[in-house]
Number of protein chains: 2
Amino acid sequence: MTEQLEIIKDGNVISGRRLAKIVKAEVKSEVEKLKEQFNEPIRLATFLVGENPASKLYVSMKHKACAEVGIDSINIELPEDITEKELYDRIMELNNDPSVHGILVQLPLPDHINEHRIIRAIKPEKDVDGFHPFNVYAIYTKDPRGIPPATPAGVIRMIKAVNEPIEGKRAVIVNRSIIVGKPLALLLLNENATVTICHSRTRNLPEITRQADILITGIGRRKSKEDPYYITADMVKEGAIVIDVASPYGDVDFKNVKPKAKYITPVPGGVGPMTVAMLLTNVVKAYKIQKGIE
Amino acid sequence: MTEQLEIIKDGNVISGRRLAKIVKAEVKSEVEKLKEQFNEPIRLATFLVGENPASKLYVSMKHKACAEVGIDSINIELPEDITEKELYDRIMELNNDPSVHGILVQLPLPDHINEHRIIRAIKPEKDVDGFHPFNVYAIYTKDPRGIPPATPAGVIRMIKAVNEPIEGKRAVIVNRSIIVGKPLALLLLNENATVTICHSRTRNLPEITRQADILITGIGRRKSKEDPYYITADMVKEGAIVIDVASPYGDVDFKNVKPKAKYITPVPGGVGPMTVAMLLTNVVKAYKIQKGIE
């Protein structure tokens, strides 16, 4: 309940920034204990291929977050024209390096590299993005030892942080990517929600979103503040929890939906900071799996 | 259109039995061509652990179906008290045996054996049940080279056989198992349906099922013909496609739902025969993947 009070601001707005701070403090204290127990650094390695400015920014945010909680991190920058085989071999090296506990390949990769093959190359217990087939299978089968993708895990954590039950609720997800929509559907099913997945081919979207007790949206097609919203107040049920995964511009008409919603997340300062915080949680989980204590 | 006419009986009933015959004829002709091309038998191996009578029946049906289409099959019967390690080793032998192209472990396994570990042991390209994490990941990522589970693949085939478009339709699935509900949700998403997954904790099920253009149900809790139906006419939208995956007693009040439905499947003679037929399709697909021609 203390957590709930700290993370709610302005009435019904769930602050991802504040909750991320709480999560980071938890991770920091766990990292300290683990370092004492095993007397070694906990280390994340990231791969950054090419010169994509957004990717560079995301990677640097992840390293900064690691530093805040006492996780060691190294970044391996590779040229745009690296072959799939070379990248694969570099991943294999770190798979076999016991001093590296988490491996993350920043996506997207250049077109000549098959992302699925690269994701499959990462040792599942070091796959802190939770994208490896074995980790997908774990959430598919409700195996608690799997590593979940950070964004969906962050969404679940936000709902739980305000003590909202998920069981039996109608959850509607407007996104079907393998980063957000599909894993989130699996996680919400594991929490016993009734789950609907919508996407660009969905007809009568407003009719479906209006049924949602929990509405999670990640359309992400707004290119500026002036673009029209995808989720307007008439599409939201009174008393719904509304979580906006889109970035950098939210899908939701925040100002007009806020009065109707039980809880709502802002953009920025909502799901974004949670994604980074949950990555840190995943590094700790990966470490514990490798040490046989999870 | 010829196929459609052949498989519809009694107005709007999709006969799984008739469609299964068509699928088997296709498989048979493909098997003949492949045998000519590669000059060797195509072989399925099944593992049957213990004395479960239902499992024995299912395995024998699968072998009979193989024989019908010219696929070679062997059954390996193992005692109830076999260790996980022993079963694992037997699977490994067949993984490495180039004369075996499909491997199927009949479920359920005895409690002392971890099913997920056994499923993971099967080489993905020989996993004709489509349960391996790599095959789950394939339908998750819409990779056409994956092997889909037979029952959901059969459901999709039945809908397509009557030339019903799936794109944009509201599909409601009442089942969230990894054999039926979850893979079916992924396959229907790949066909651009808007998908809702319901289960035992779903509230107001009738309200949700009434929205379905395509209703697929697999509750399967009726123990006799006298037990009340789970899906009654008031729960079905006029003009819906209704597919009943439950067995041996269907969920659906067939007699009263039939007049409302655009199409409906019977139990028995609906999804059941399709499941066996799609397994044969999977054996051929597995064979072609192993030969590098798919």
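This is a predicted model: local features need pLDDT of at least 70, side-chain atom pairs count only at pLDDT 80 or more; totals for chains, interfaces and linings use all residues.
Figure 1. Over four bridges, strand β3 (residues 43–49) of chain B runs parallel to its partner β5(B). Within β5(B), L104(B) is the residue that T46(B) stands opposite.

**Figure 2. The open sheet of chain B that contains β3, β4 and β5.** Three strands make up this sheet, in the order β4-β3-β5, and their pairing is parallel. Its edge strands in chain B are β4 (72–78) and β5 (102–105), each of which pairs on one side only. With direction ignored, neighbouring strands of the sheet are turned against each other by 15° on average.

Figure 3. Chain A contains 11 helices and 10 strands. Its radius of gyration is 19 Å, close to the 19 Å that the globule rule gives for 294 residues, so chain A is as compact as a globular protein of that length. Taken along the principal axes, a box of roughly 55 × 45 × 35 Å is filled by the C-alpha atoms of chain A.

**Figure 4. Burial and contacts within chain A.** Of the 294 residues in chain A, 48% are buried; a residue counts as buried if 20 or more other C-beta atoms lie within 10 Å of its own. Considering contacts in chain A between residues at least 6 apart in sequence, 69% join residues at least 24 apart.

Terms used:
Residues are numbered from 1 along each chain as its sequence is written. Chains are lettered from A and ligands numbered from 1 in the order in which they are written. Helices (H or I, at least four residues) and strands (E, at least two) are DSSP runs, numbered from the N terminus. The radius of gyration is taken over C-alpha atoms; the globule rule is 2.2 Å times the number of residues to the power 0.38. A residue is buried if 20 or more other C-beta atoms lie within 10 Å of its own, exposed if 12 or fewer, and partly exposed in between; C-beta atoms are placed from the backbone. Two residues are in contact if their C-beta atoms, placed from the backbone, lie within 7 Å. Two strands pair if DSSP finds at least two bridges between them. Axes are lines fitted to C-alpha atoms, for helices over the stretch in contact, and angles run from 0 to 180 degrees between N-to-C directions.
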